[in-house]
Amino acid sequence: MKNKKVLEPVENFFKKKKWTPFPFQRKAWDAILNGDSGLLFVPTGSGKTYAAAMPVFAKLIEKHQLNPSRRPALKALYLTPLRALARDLERALKEPIEAEGWPIKVEGRTGDTKYSLKRKQLTHPADMLLTTPESLAILISQSDAADYLSSVEIVIVDEWHELLATKRGSLLELSLSYLRFLNPQLQVMALSASIGNIEEAARVLCGPNVEPVLIQAKTEKEIDVQALLPLKIDRFPWAGHLGTALRNQLASELDPEVTTLIFTNTRSQAEIWYRALLELRPDMEDVMAVHHGSLSREERESIEEGVRTGDLKWVVCTSSLDLGVDFQPVERVVQIGSPKMIARMLQRAGRSAHRPGGKSRLLFVPTNSWEILELEALKTALQEQKIESRKPLSKPIDVLLQHMTTLACGPGLNMNELTTSLKETYSFKDVTKDEIKWCLNFLTRGGEVLKGYEQFHKLVYDPEQGRYFIGNSVLAKFHRMSIGTIVSQEQISLNYSNRKRIGTVEESFMSKIRKGDVFQFAGRKLEFIMMRDMKAYVKSSTRPTNVIPSWGGNRFPISETLGHAFRERLGDYHDNLKQKGGFKLLQPFLENQKRISALPASDELLMEVFSTKEGEHLFVYPFEGRVVHEGLAQLWGLRFVERENSTFTFSVNDYGFEIVAPTGYDFQSLFDDDFFAYDNVENELSKSMEMTQMTQRRFREIAQVAGLVTTGYPGAPKTGRQLQVSSSLLFEVFTKHEPNNLLLKQSRNEMLQSSLEAERLRHTLQRLQHSKIVWKKTASPSPLAFPLIIEQFSGGTLSNESLEKKVERIKKIWERKHEHTADA
């Protein structure tokens with residue numbers, strides 16, 4: 001009854017809107033009003049925001065009624081992964097406040113917020129602050145953090161699945177542990193639409209000492225998934241080949257009157273597809289845009305507003321628009337290429353009809369023939385409600401060092417308080433006393449190796465307060481500018497000659513551009529004028545160009561869940577299901593694979609060998625994703641070398657990997673059951689020269705998060721070369737003089753667990769151990785092998801005409817060989 005009375009303002013608002021609260025919303029309202037913490041798991045666009053925020057508003061209204069003259073204090077934090085999402089949420093949450101005249105103040109605080117407003121918020125706090133994990137950490141680094149944050153009663157974390165398995169999630173865990181120290185009764189409510197391990201996800205955010213409540217919607221959001229298929233399938237597919245062929249079909253399929261988001265998996269592909277569609281549909285130029293994370297904030301906001309108002313009809317985008325930004329006009333979503341994850345498919349499909357009861361429409365555009373089979377696997381997984389799990393990280397020491405420095409910049413670092421609070425986190429609950437001691441020594445004295453360098457003596461102990469504080473204001477300023485765990489390649493600011501900012505490109509790309517060169521960015525043709533102070537100045541151009549910036553970062557690998565579904569669907573072909581779904585179109589293509597080599601069943605491992613003038617080729621098809629295949633290729637390369645010394649080159653994709661050896665190398669005779677051994681995988685991979693180089697690159701990122709190297713400061717940023725030299729020198733020093741350095745160990749572990757997915761690699765080896773090995777010697781590559789060969793001399797670039805011509809020439813040669821073989 002008490003909750004019913006408190007919720008009266010909310011109920012009245014819903015009645016005026018002629019809305020009926022969903023059962024899951026009422027459950028969430030009661031749980032939050034009862035002081036519970038937990039996770040709300042419902043489909044995207046179903047009303048999660050009001051489910052979490054309305055009971056908070058109801059409590060704030062009640063407190064104001066009981067004490068109208070109460071002193072303003074921050075009571076609630078609403079955290080989102082994206083600044084754009086925070087802006088959108090602010091708009092959505094202010095609607096009922098302004099409509100009903102509620103005495104509630106909601107404000108946003110992100111990297112885009114003006115400095116003057118940020119200062120004002122510290123002295124005149126809002127009731128609810130919409131922010132990001134990084135901005136929360138910056139708040140904690142303020143000297144008056146304890147006074148400002150001690151009044152916080154509840155934290156709502158939106159899109160928790162996006163943070164959980166990342167260092168951003170670990171950083172948030174540490175920030176929440178500090179808030180719990182200030183207020184042991186702190187409530188935490190996570191919101192998610194696409195995650196497999198719901199209970200574990202809730203426990204990670206709420207802490208191991210809290211029993212979370214789990215609230216789920218009983219109804220699933222309806223998703224209509226269609227595919228844009230070619231009239232026929234090429235017998236020798238390669239990455240990107242269907243994308244080229246389907247451009248015209250897609251341009252014809254899109255409705256100029258229907259607001260559509262067209263998702264690609266990379267920023268480069270977004271630029272390429274925008275240009276391709278614009279060339280085919282120049283009449284859409286004024287109502288079409290490209291959106292990705294490298295555009296300037298002003299550019300992104302303008303595009304987002306254009307979608308929201310319906311002024312823009314087609315937007316080619318990346319994961320920059322994946323999450324819960326509410327674009328009511330969007331009625332359709334296009335996915336170019338496989339999303340590689342079931343959860344990502346759900347997330348992107350949910351951008352259309354983003355409202356309760358809406359039916360999402362998604363059009364899938366495959367970029368190669370095998371992705372048609374991936375779509376069949378995606379549909380099956382969706383029907384069976386199989387979604388990927390996200391696992392929390394274990395002891396990222398660089399994040400812990402950053403958090404300790406953050407506390408030292410603000411309220412001060414008390415080691416007893418820190419040790420206690422770490423036990424209430426998931427990622428750091430197993431940190432040992434020796435590891436904490438090492439971290440403190442590292443921050444106060446530079447550790448074993450850097451103790452002779454004053455700049456690494458960052459923290460100073462104050463015996464009167466029993467706390468460590470940052471050594472000086474300069475160190476504090478540098479730290480606050482560096483807070484966060486997202487480390488990208490060094491960025492060059494892209495500006496017009498009038499200094500208007502367009503966005504950012506990577507330093508490695510601009511190093512190849514000369515004065516007068518023209519390239520495409522933000523859908524525009526730009527001519528490079530000059531470089532000054534890490535800023536590139538350009539002007540608009542009408543000259544043709546095929547040059548598009550490339551950005552670092554890995555291509556999405558196929559997830560373990562989707563990989564399993566893919567193998568099962570491929571196995572269906574052996575069970576007389578040839579005429580179902582995409583199999584009908586793929587049948588000639590799959591039969592070609594069977595004729596040239598074999599089509600593996602779900603319990604088989606296909607291994608092909610053939611010879612060319614380049615040497616001996618081994619193709620292996622575990623269908624586990626490019627990350628696992630990269631690890632397997634390196635591991636098997638090492639094991640082959642142990643049996644007969646040689647030099648190899650590798651090629652990987654989501655379906656398999658290729659190892660190329662010199663002429664005469666007999667892969668099959670050297671192969672044995674020990675290739676499936678999985679007990680010592682980490683130690684074996686550590687011997688790889690490639691592994692050492694990858695570890696050094698990872699150390700560079702870890703050193704930045706830990707504050708060991710900095711990216712410079714405004715007006716004097718460091719170049720990529722300077723950062724590389726700094727981190728490489730430290731890596732060599734630690735390797736030689738402090739091999740047990742925790743950051744060095746973390747670099748190795750992250751390379752194995754994150755970049756090479758060592759645990760999943762072990763599971764794959766276990767599975768393959770029980771598979772039937774099918775060896776096939778072929779006269780030339782099979783349809784499965786062809787994309788791997790193309791990978792060696794391409795980047796899967798959609799617009800590279802010279803690549804297409806080369807591929808066509810090779811295909812004709814091999815097709816003639818197969819025809820001769822068939823005739824024989």
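Two strands count as paired if DSSP finds at least two bridges between them, and strands themselves are DSSP runs of E, at least two residues long, while helices are runs of H or I of at least four, both numbered from the N terminus. The model here is predicted, so local features need pLDDT of at least 70 and side-chain atom pairs count only at pLDDT 80 or more, whereas totals for chains, interfaces and linings use all residues. Residues are numbered from 1 along each chain as its sequence is written, and side-chain values use heavy atoms, with hydrogens and water left out.

A hairpin of this paired kind takes strand β23 into β24 through four residues. The two strands, β23 at residues 649-652 and β24 at residues 657-661, run antiparallel and are joined by four bridges. In one of these pairings, F650 has I659 of β24 as its bridge partner.

Now to the helices. Helix α2 (residues 8-16) packs against helix α3 (residues 23-33) at about 160°, with the axes 13 Å apart; axes are lines fitted to C-alpha atoms over the stretch in contact, and angles run from 0 to 180 degrees between N-to-C directions. The two are therefore roughly antiparallel (angles over 145 degrees). Their contact (heavy atoms within 4.5 Å) involves V10, E11 and F14 from α2, and Q25, R26 and W29 from α3.

Helix α2 also has a link to helix α4 (residues 48-66): F13 of α2 and Y50 of α4 pair up, so parts 37 residues apart in sequence are tied together. The structure holds 38 aromatic pairs.

How values were computed: Parallel < 35°, antiparallel > 145°, perpendicular 65-115°, else oblique. Phe/Tyr/Trp six-rings, centres within 6.5 Å; stacked < 30°, edge-to-face > 60°.
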